[in-house]
Amino acid sequence: MKILRALCKGTTAFLVIAIILLVCCESVSFAANVPVFSVDEVSAMSGKTVDVDIKVSDNPGFNALKLKVEYDNTVLKLKTATSIGVAQNMMFTTSQSSDTTPYVLVWASASNVTGDGKIATLTFEVVKDTTAPNTAIDLQCDFCSDQNGKNLGAKITPGKVTIMNNSAVSVQTPAIENPDY
């Protein structure tokens, strides 16, 4: 009887450890299949336009994606949003108004799109004479799924625009001493 109890306790401990390992391994495999969406960090002159790319990496393959772009529309004015690169052959639609944030980008395809790289270019005009030294551009992922309907989740890396005011840019001409001849 004592041997049977010892075996049961050992078996229970083994099962608990096996379940813990199974759960840990499942979460590790899930983390490895999460796409990362990132926004460029760029610089621009006040009053000029600037292109900001959105990129995907660690892409396990997706066929539906909805991203919300958040930015300060008192500093940046969105001019265009274009689907490019990895996502260029997907159906693409955006918010009707570029004056409100968040600005919504939606992609769809019958099959998974794989590969890493650019998926969109946002063209902004930096508001002339803005006093902001920089402004963040952030993303929220409402959904990202594969052709089997599996929600992939997403990791987000925000970006920013560093603003160079016209008054802050000056060209320094080095002084040249006249040599004595």
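Reader: Hi! Is Met45 buried, exposed or partly exposed?
Author: Met45 is partly exposed, because its relative accessible area is 23% and buried would mean under 20%. Keep in mind that this is a predicted model.

Reader: Thanks! Where does Met45 sit?
Author: Met45 belongs to strand 2, which covers residues 41-45.

Reader: And how far is Met45 from Val126, C-alpha to C-alpha?
Author: Their C-alpha atoms are separated by 7.2 Å, while along the chain the two residues are 81 residues apart.

Reader: Let's zoom out. How many helices and strands are there?
Author: The protein has one helix and 11 strands. Starting at the N terminus, the order of elements is α-β-β-β-β-β-β-β-β-β-β-β.

Reader: Nice. What is the strand order in the five-strand sheet?
Author: The order is 5-8-3-1-10, in an open sheet with mixed pairing. Its edge strands are strand 5 (76-83) and strand 10 (155-157), each of which pairs on one side only. On average, neighbouring strands in this sheet are turned by 20 degrees against each other, direction ignored.

Reader: Do strands 3 and 8 run parallel or antiparallel?
Author: Antiparallel: strand 3 (residues 49-57) and strand 8 (residues 117-126) are joined by eight bridges. Within that pairing, Val52 of the protein stands opposite Leu122 in strand 8.

Reader: Switching to aromatics, how many aromatic pairs turn up?
Author: Searching the whole structure gives three aromatic pairs. In one of them, the ring centres of Phe37 and Phe62 are 6.1 Å apart and the planes meet at 65 degrees, so this pair is edge-to-face.

Reader: Which strands do Phe37 and Phe62 come from?
Author: Phe37 is in strand 1 (residues 36-39) and Phe62 is in strand 4 (residues 62-71), so the pair ties together parts that are 25 residues apart in sequence. Phe37 is buried, at a relative accessible area of 0%, and Phe62 is buried with 0% too.

Reader: What about the rings of Phe92 and Trp107?
Author: Their centres lie 5.0 Å apart with planes at 40 degrees, so that pair is tilted. Phe92 is in strand 6 (residues 91-94) and Trp107 in strand 7 (residues 103-113), so to speak distant parts of the chain, 15 residues apart.

Reader: Which residues touch the most other members of the largest nonpolar core?
Author: Ile54, Ile119 and Val161 do, in a core of 36 residues. As a rule, nonpolar side chains in soluble globular proteins tend to be buried together.

Reader: And which residues does Ile54 touch?
Author: Leaving out residues up to four places away in sequence, Ile54 touches several residues, including Val39, Leu67, Val69, Leu105, Ile119, Leu122 and Leu139. Ser38, Gly117, Lys118 and Ala120 are also among them.

Reader: Last one! What percentage of the protein's residues count as buried?
Author: Of its 181 residues, 32% count as buried. The protein exposes about 11,300 Å², and carbon and sulfur atoms supply 56% of that area.

Conventions
Residues are numbered from 1 along each chain as its sequence is written. This is a predicted model: local features need pLDDT of at least 70, side-chain atom pairs count only at pLDDT 80 or more; totals for chains, interfaces and linings use all residues. Side-chain values use heavy atoms; hydrogens and water are left out. Helices (H or I, at least four residues) and strands (E, at least two) are DSSP runs, numbered from the N terminus. Buried means under 20% relative accessible area, exposed over 50%, partly exposed in between (1.4 Å probe, protein chains only). Accessible areas come from the Shrake-Rupley method with a 1.4 Å probe; for residues, only the protein chains shown count as cover. Two strands pair if DSSP finds at least two bridges between them. Axes are lines fitted to C-alpha atoms, for helices over the stretch in contact, and angles run from 0 to 180 degrees between N-to-C directions. Rings of Phe, Tyr and Trp (its six-membered ring) pair if their centres lie within 6.5 Å; planes under 30 degrees apart count as stacked, over 60 as edge-to-face and the rest as tilted. A nonpolar core is a set of buried Ala, Val, Leu, Ile, Met, Phe, Trp, Tyr and Cys residues joined through side-chain atoms within 4.5 Å. Contact means heavy atoms within 4.5 Å.
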